[in-house]
Amino acid sequence: MKTMIRFKNYMLTALSLIVITVGCNEWDEHNKPSHEALNETLFQAIKKTPELSQFSEYLVATGYDQVLASSRSFTVWAPDNQALATVSADITGDAEKLKLFIGNHISYQEYFTESANPSVRIKMINGKNLTWYGNRLESAGVVSANEYVRNGVLHVINEPVIPRQNSWELLLASSAGPKQLAYLQSLTYQDFVDSLATQTGVDPNTGKPIYEPGTGIVTRNRFLEEAIDISNEDSLHTFIILDDNTFNTEFTRLKPYFTTKTGNQDSTARLASWHLAKDLVVRGVFTPDALPDTLVSKFGVKVPMDKSAILETHLTSNGIVYVMKAMNFRLKDKFPPIIVQGELPDGFSRTDKNVNIHYRYRDWASGGADLRVWNHGIAQFNVRYKIDRLYSMSYKVYWRTVNDFVDTTYTNATANPPYAHLDAFQQKLVIDLKSIYVSGAPAPQKDFNYVKVNALKANPANNRLKYLGDYKLDNYRSLYLFVVAGTATSPNTLNPIEIDYIKLVPIF
């Protein structure tokens, strides 16, 4: 009986394998391209297809017929004659536009309908990126698909795919926000790149190369380099253009916080304009149906999006552009609190006390670490911090200092006489232009006076953020902060400094 069962199982397995093998062979035969197709190039396949006769003519006119006759692999989404009849003469009658248009239907590599899962972003031969959904390219539906020939794949589609401008190109051509455009164009400059220049000789005196005048010059733009490059076809973003009234309103609100010491209005205007423009672009595409009421810029600033304020919406080749008649940034979002981490000093009043300076990893510390200066024996030893480009406004000033290293039960037996650690110490914060401890330097602008730092073990509340006072900065500039130790010089006095962080909160 067992032998019979094993024989039946064997026969069932064998029959299953036969069915699978036959089925696979039939499926392979169904999908296998003919020998004739494998001998054809994409251009030959297109040229012999009657409904693609107009596309074939455009391939010849643009020189892409030679490209599609090469040995490289391509995918072509060819609009049929009926689809191409809808293309405007503005495109078909302009050689440059026609080439850009035809190149918008050709990509390197092979993409079948199953390549989209559920979609794939594909770079076309003209540099633009399009989305392939398997049954459509962008909005163009597939009439026939997956015709496989010697050097690639052919799909026939029922709509032309018109190349879109990228967001930068749209801005340059737009009349919606001339003030914003003028400012962004003012950030354009010329740069010299020696690797792109034509060398004509070598200077016999300096040994440096001599270049042909006018060569190696590249046009750059600071907004594209330092904010987000909205000309990059490989990026996806949401870009906001403000009409002139809105741009002026937001600019006017920001301008007082960029007052310069020299009173240079041009400099103030440039700073305020940059602070406005840098937050008008956001990574990712947010279409109207999925647009939240708040976006977040690359710089962490909340960008309010009121749908009722949208004047125009434009899809671009690398994102979406909104033209808006209102923005209403909140000042507290534009000017968030400034945190200065204790473990990131700019310098010290003495360079011979490295052994007394400790960068400590602590679970409770902001950023995971703090700074402690211990047993240095110097009156008013100080740690210097620098804040670059601080806004001209008033601030509430706080610090967090945690006295977790003072132990009244410990005695230094090697000292003469022995001494016990203090369970509290004093330090203060001073703000000025350069250094209050350099000969000839100006007097401090703000001295917050000494503050007692109690031991943490005495009261857990001693590690909380402490308000020191207010500080007004009249001019937009860099600022120095000093955490200053006590005045004692006795070798028996530890005179420590401890700082987790300093916090400046703007007052509006």
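Three bridges join strand 21 (residues 369–373) to strand 30, and the two strands run antiparallel. Strands, like helices, are DSSP runs numbered from the N terminus, a helix being H or I over at least four residues and a strand being E over at least two; two strands pair if DSSP finds at least two bridges between them. The model is a predicted one, in which local features need pLDDT of at least 70 and side-chain atom pairs count only at pLDDT 80 or more, while totals for chains, interfaces and linings use all residues. Residues are numbered from 1 along each chain as its sequence is written, and side-chain values use heavy atoms, with hydrogens and water left out.

Another antiparallel pairing is that of strand 16 (residues 310–316) with strand 17 (residues 319–324), over six bridges. These two strands form a hairpin with two residues between them. Ile310 has Met324 in strand 17 as its bridge partner.

The chain as a whole may now be considered. Its secondary structure comes to 14 helices and 31 strands. Of its 508 residues, 43% count as buried, that is, under 20% relative accessible area, with exposed meaning over 50% and partly exposed in between (1.4 Å probe, protein chains only). Among contacts between residues at least 6 apart in sequence, 68% join residues at least 24 apart; contact here means heavy atoms within 4.5 Å.

The interior includes nonpolar cores, each a set of buried Ala, Val, Leu, Ile, Met, Phe, Trp, Tyr and Cys residues joined through side-chain atoms within 4.5 Å. The largest has 57 residues, of which Tyr385, Leu429, Leu481, Ile502 and Leu504 touch the most other members. Leaving aside neighbours within four places in sequence, Leu429 is in contact with a set of residues including Val397, Trp399, Phe448, Asn449, Leu481 and Ile502. A second, separate core of 24 residues includes Leu42, Leu59, Val76 and Val156. Asn449, one of the contacts of Leu429, is placed in strand 27 (residues 446–454) and has a positive phi near 65°, although it is a residue other than glycine.

Two packed helices are described by the angle between their axes and the distance between the axes. For helix 10 (residues 178–185) and helix 12 (residues 244–254), the axes come within 7 Å and cross at roughly 65°. Pro178, Lys179 and Gln180 in helix 10 meet Asp244, Phe247 and Asn248 in helix 12. This contact has two nonpolar, two polar and two charged residues; Ala, Val, Leu, Ile, Met, Phe, Trp, Tyr, Cys and Pro count as nonpolar, Asp, Glu, Lys and Arg as charged, and the others, Gly among them, as polar.

Aromatic rings form a further set of links. Rings of Phe, Tyr and Trp (its six-membered ring) pair if their centres lie within 6.5 Å, and planes under 30 degrees apart count as stacked, over 60 as edge-to-face and the rest as tilted. The count by this rule comes to 16 aromatic pairs. One of them, Tyr257 with Phe508, is edge-to-face, at 6.1 Å centre to centre and 85° between the planes. It links distant parts of the chain, 251 residues apart: Tyr257 lies in the loop between helix 12 and helix 13 (265–277), and Phe508 in the segment after strand 31 (501–507). Tyr257 is buried, at a relative accessible area of 15%, whereas Phe508 is partly exposed, at 48%. Together with Phe258, Phe335, Tyr391 and Tyr476, these two residues form one aromatic cluster.

Some individual loop residues complete the picture. Lys278 lies between helix 13 and strand 13 (281–283) and is buried, with a relative accessible area of 8%. Apart from neighbours within four places in sequence, Lys278 is in contact with Phe223, Phe299 and Val301. Pro118, in the loop between strand 2 (106–108) and strand 3 (120–123), is joined to Asn117 by a cis peptide bond with omega about 0°.

How values were computed. Axes fitted to C-alpha atoms, helices over the stretch in contact; angles between N-to-C directions.
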